[in-house]
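Reader: I am new to this structure and would like to go through it with you. Could we begin with how the helices pack?

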Amino acid sequence: MKINFFKIFLRTFFLQMFWNYRKMQNVGRLFIVMPILKEIYKDKPEMLKKAIARNLDAFNSNPVMSVYSLGAMIKQEEKIAKTEPLRLPSEEREWRIISISTANTAASLGDRLFWATLKPFSLVVLILILYAVQIHTLKNIDTPHELVLSATIAIVASLLVYNIPALIIRNKGLKDSYDGTEDNFYGLININWNKIIYILKTLGQALTCGIFIYSIYVSFVGEGLSADVITKVALLVSFLVLSLWTKKLNIPNMYLYMLATLIFCVAAIVS
Amino acid sequence: MLELLIACGVLALLEMDTTYFGQFLLSRPTCTGAIMGYLCGDFFLGLQLGVFAELLFIDFVPIGGVVPPSGAICAGTSVIISAYFGADLYFSFFLGLILSWVFTWVEKSLRRYRSKLLPEVEAAIIDEKVSPFQIIFQSFVMEYLAVFVFVLTATSLFGPFLYHIGDKIPQSIHVAFKFSYFLVPWIGLSMLFVSFSTKPKVD
């Protein structure tokens, strides 16, 4: 059967549209595969009903990497359609195994690659470009209006850093998993994800160090050694240490900022 | 008023990118902040609030159905409150954070509501009384309206309030908020550095 991958690719953007606590992305998944199911079972309305019910099973994966699960499930669906009635239960069981194993692995890889690596990496790219065009947004907001275009380019560049790999993987992953087998885990192990994550994280750490040093330079060099600057630096260092410590305790930085505000307010009232 | 409605409408649309449609990162606080800043007449104020919000929210990862506070809501509402209503930047940022946290309750309620609807929806789809597209479309409209109403209510209630009480707040409290606002990028950069750690996490 000739699969219209582009149609499926477009529909993957709606995967999470009916997200719910019972079966998570199940309706979204059905929406994605529905045209294929209609095509596969066009002369078998009873089997179509069963396939729809099957695709409404619980499903949860990373929105981008879920394509590695979808392609493999479509392939297995084609296999089910051609299977003789006696072998049907075992093929349906196989479909469920593929669905669970690929979705879980893709979720784990996708969350690490996209949410925990590429997203912060693209922020680093944004801040670097802003610094490169002399927009010191971390320090002040008094920037000449002519620089709006440069800032917009920086934002677009950071979006591209995230979206180009995401779009390539959505497209390639769908085909790879459709053509894949158990031996290459439905295309999931065609790419060395851990190596990519490691390289991006190491590069991200180095670039963040650079941003940190340059930010200190922009914020404090040339300010002189006044009591105000010394107080700022002392408090800054204490909160940086505190921030690393709260990270170990899994306390989000948002709460650290709120705590800082509370401490300063109490100090202001007391003094 | 029309400007506010447009800003809230765009913010609600951008927020949809967080979970429901696309995940193109248009809802990242930096992007949302800059767009809202442009719409409210102060692009660089929006950009700064967006970058600060993103640095603070970088350690929230939406895995496994967890609903973290929305960075888009934080950046968007704080820009509207600051640039449109004229409240102080550091107060509006703090309020934006609280609103993003309150918004998780709205989001969880919508997810719970959809969970309740699910058996009915599934039966209707299987019986071909309704198509998955119709369900998806209705879900999109419902989510969009909920976000829009939340954003509009929150900003039109707290924006004027924060602007009017700004002058009445003691100067020392202004200094305290200003100072903690100054700390945000530094706390955020340290978190950004840690987020790139290649060491396996041990809980």
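Author: This is a predicted model. In chain B, the crossing of H5(B) and H7(B) is left-handed.

Reader: At roughly what angle do the axes of H5 and H7 of chain B cross?

Author: Helix H5 of chain B (residues 89-126) and helix H7 of chain B (residues 171-195) cross at roughly 65°, and their axes come within 9 Å. Angles of 65 to 115 degrees count as roughly perpendicular, so H5(B) is roughly perpendicular to H7(B).

Reader: Which residues of H5(B) and H7(B) meet there?

Author: From H5(B) come B:Leu89, B:Tyr90, B:Phe91, B:Phe93 and B:Phe94, and they meet B:Phe177, B:Lys178 and B:Tyr181 of H7(B). By class, this contact of H5(B) with H7(B) has seven nonpolar residues, one charged and no polar.

Reader: And chain B as a whole, how many helices and strands does its secondary structure come to?

Author: Chain B comes to seven helices and zero strands. Along the principal axes, the C-alpha atoms of chain B fill a box of roughly 65 × 50 × 25 Å.

Reader: Turning to chain A, at what angle do H5 and H6 pack?

Author: Helix H5 of chain A (residues 88-132) and helix H6 of chain A (residues 148-179) pack at an angle of about 155°, with their axes 8 Å apart. Angles over 145 degrees count as roughly antiparallel, and H5(A) and H6(A) are therefore roughly antiparallel to each other.

Reader: Is that crossing of H5(A) and H6(A) left-handed or right-handed?

Author: The crossing of H5(A) and H6(A) is right-handed. Among the residues that meet are A:Phe114, A:Leu118 and A:Phe121 in H5(A), and A:Ala151, A:Ile155 and A:Tyr162 in H6(A). The residues of this contact of H5(A) with H6(A) divide into 16 nonpolar, two polar and one charged.

Reader: What about H8 and H9 of chain A, how far apart are their axes?

Author: The axes of H8(A) and H9(A) are 10 Å apart, and the two helices pack at an angle of about 140°. That makes H8(A) oblique to H9(A). H8(A) passes H9(A) in a right-handed crossing.

Reader: Which residues meet between H8(A) and H9(A)?

Author: A:Phe239, A:Leu242, A:Ser243 and A:Thr246 in H8(A) meet A:Asn253, A:Leu256 and A:Ala260 in H9(A). Their classes are four nonpolar, three polar and no charged.

Reader: Now the two chains together: how many residues of chain A are in contact with chain B?

Author: In chain A, 67 residues are in contact with 66 residues of chain B. The largest share of the side of chain A that touches chain B comes from H9(A), with 11 residues. By class, that side of chain A has 46 nonpolar, 14 polar and seven charged residues.

Reader: Into which domains is chain A divided?

Author: Chain A is divided into domain 1 (5-103) and domain 2 (224-271). The C-alpha centres of domain 1 and domain 2 of chain A lie 50 Å apart.

Reader: Finally, where in chain A is confidence lowest?

Author: Confidence in chain A is lowest in H8(A), at a mean of 82, and highest in H6(A), at 95. Chain A averages a pLDDT of 90, and 100% of the residues score at least 70. Chain B averages a pLDDT of 92, with 97% of the residues scoring at least 70. The model scores ipTM 0.92 and pTM 0.92.

Terms used: Residues numbered from 1 in each chain as written. Chains lettered and ligands numbered in written order. Predicted model: local features only at pLDDT ≥ 70, side-chain atom pairs only at ≥ 80, totals over all residues. Axes fitted to C-alpha atoms, helices over the stretch in contact; angles between N-to-C directions. Helix = DSSP H or I, 4+ residues; strand = E, 2+ residues; numbered from the N terminus. Parallel < 35°, antiparallel > 145°, perpendicular 65-115°, else oblique. Left-handed = near helix turned anticlockwise from the far one by under 90°. Contact = placed C-beta atoms within 7 Å. Nonpolar A, V, L, I, M, F, W, Y, C, P; charged D, E, K, R; others polar. Domains from an automatic or database assignment. pLDDT = per-residue confidence, 0-100.
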